[in-house]
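Here is a short briefing on one protein model. Look over the sequence and the structure first, then read the notes by topic.

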Amino acid sequence: MASSSPTYISLSVLSAITLLLWTEFAHCNLNRRPNDALDTDFSVPLEHSFEIDDEPIFRRRGSLELRAGRESGVTISQSQLSEEDRNTLKEVAAVDGLYRIRVPRVSLQADRQTEKQADGYLTAFVKACALVESHLSDVITLHTDVTGYLIGVSIVTIPGTCRGLEVEDEVDLESFNTTLTVMAPVNAPMPETALFIERLEQEMEKKEKNPQEQKSFFAKYWMYIVPLVLFLMMSGAQDQSGGGAGGGAANGGGR
């Protein structure tokens, strides 16, 4: 009996530890949200090009960060312009050149990145002088279809015109100040066919309940029409008789 006591205690301790681990495992699983596994970031490259000879050579400007899960959305991450890029941009602006951006044709739904590979690029442009005078302030709009797949991109500057203003390189052409928007299609309002049919049925029911409304115009107002017709007929007869009498008198006076 004395030798079985340590064994009994060891089994009790082992059972308690096993129960504690199982409880902790169940607690972790109960607190895990279904979408936690989807809270993963995906990056889509944003590229730009500004060249003196107007031949596009795209390089990385930043990236579009796509987040799936409960807090889905799109944000933009951008790098600062180097001194060489700032000088090149001003030179392109001086010759009225173009500033271009492009993004790949992908889905903005992070959980659908594996469904469809990128199919080419979407490109937009503004005048380089407008971007320089706006101090790198622009608005980039991403246009998607109903499934979240990119179908277009646009860029505008604030302000959007070139006025020939002087811009300091170090202060005004270092970092982009970008507003990113995503435009999804909006369904047009449907015609209220059901409401129109309902009103038409109500009017037909009223006419069936009140046959007086189905009568013709003459049937409704005959008591006014008949006296008026009789009055006109009598007036016409009197005019004819009066004209005949006058003509006879005239002929008699001529003999």
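**Sheet and strands**

Strand β6 (residues 137–144) and β7 run antiparallel and are joined by 7 bridges. This is a predicted model: local features need pLDDT of at least 70, side-chain atom pairs count only at pLDDT 80 or more, and totals for chains, interfaces and linings use all residues. Residues are numbered from 1 along each chain as its sequence is written, and side-chain values use heavy atoms, with hydrogens and water left out.

- G152 in β7 is the bridge partner of H143.
- The strand order β7-β6-β8 forms an open sheet of 3 strands with mixed pairing. Two strands count as paired if DSSP finds at least two bridges between them.
- β7 (150–157) and β8 (177–183) are the edge strands, and each pairs on one side only.
- From one strand to the next, the twist averages 15°. Axes here are lines fitted to C-alpha atoms, and angles run from 0 to 180 degrees between N-to-C directions.
- Strands of a sheet pair through backbone hydrogen bonds, either parallel or antiparallel.

**Whole protein**

- The protein has 6 helices and 8 strands. These are DSSP runs, numbered from the N terminus: helices are H or I with at least four residues, strands are E with at least two.
- The elements run α-β-β-β-α-β-β-α-β-β-α-β-α-α from the N terminus on.
- Of the 255 residues, 24% are buried. Buried means under 20% relative accessible area, exposed over 50%, and partly exposed in between (1.4 Å probe, protein chains only).
- Among contacts with a separation of 6 or more, 66% link residues 24 or more positions apart. Contact means heavy atoms within 4.5 Å.

**Helix α2**

- Helix α2 (residues 83–94) has 12 residues, which should span 16 Å at 1.5 Å a residue; its end C-alpha atoms are 17 Å apart, which agrees. The expected span is 1.5 Å times one less than the number of residues.
- D85, R86, T88, L89, V92 and A93 are buried in α2. They cover an arc of only 165° around the axis, so they lie on the same side of α2. The arc is that of the directions from the helix axis to the C-beta atoms.
- E83, E84 and A94 are exposed, on the face of α2 turned away from its buried side.

**E47**

- E47 lies in strand β1 (residues 41–49). E47 is buried, with a relative accessible area of 14%.
- Beyond its neighbours within four places in sequence, E47 contacts residues including F58, R60, R100 and Y121.
- E47 and P104 are 57 residues apart in sequence, and 9.3 Å apart in space, C-alpha to C-alpha.
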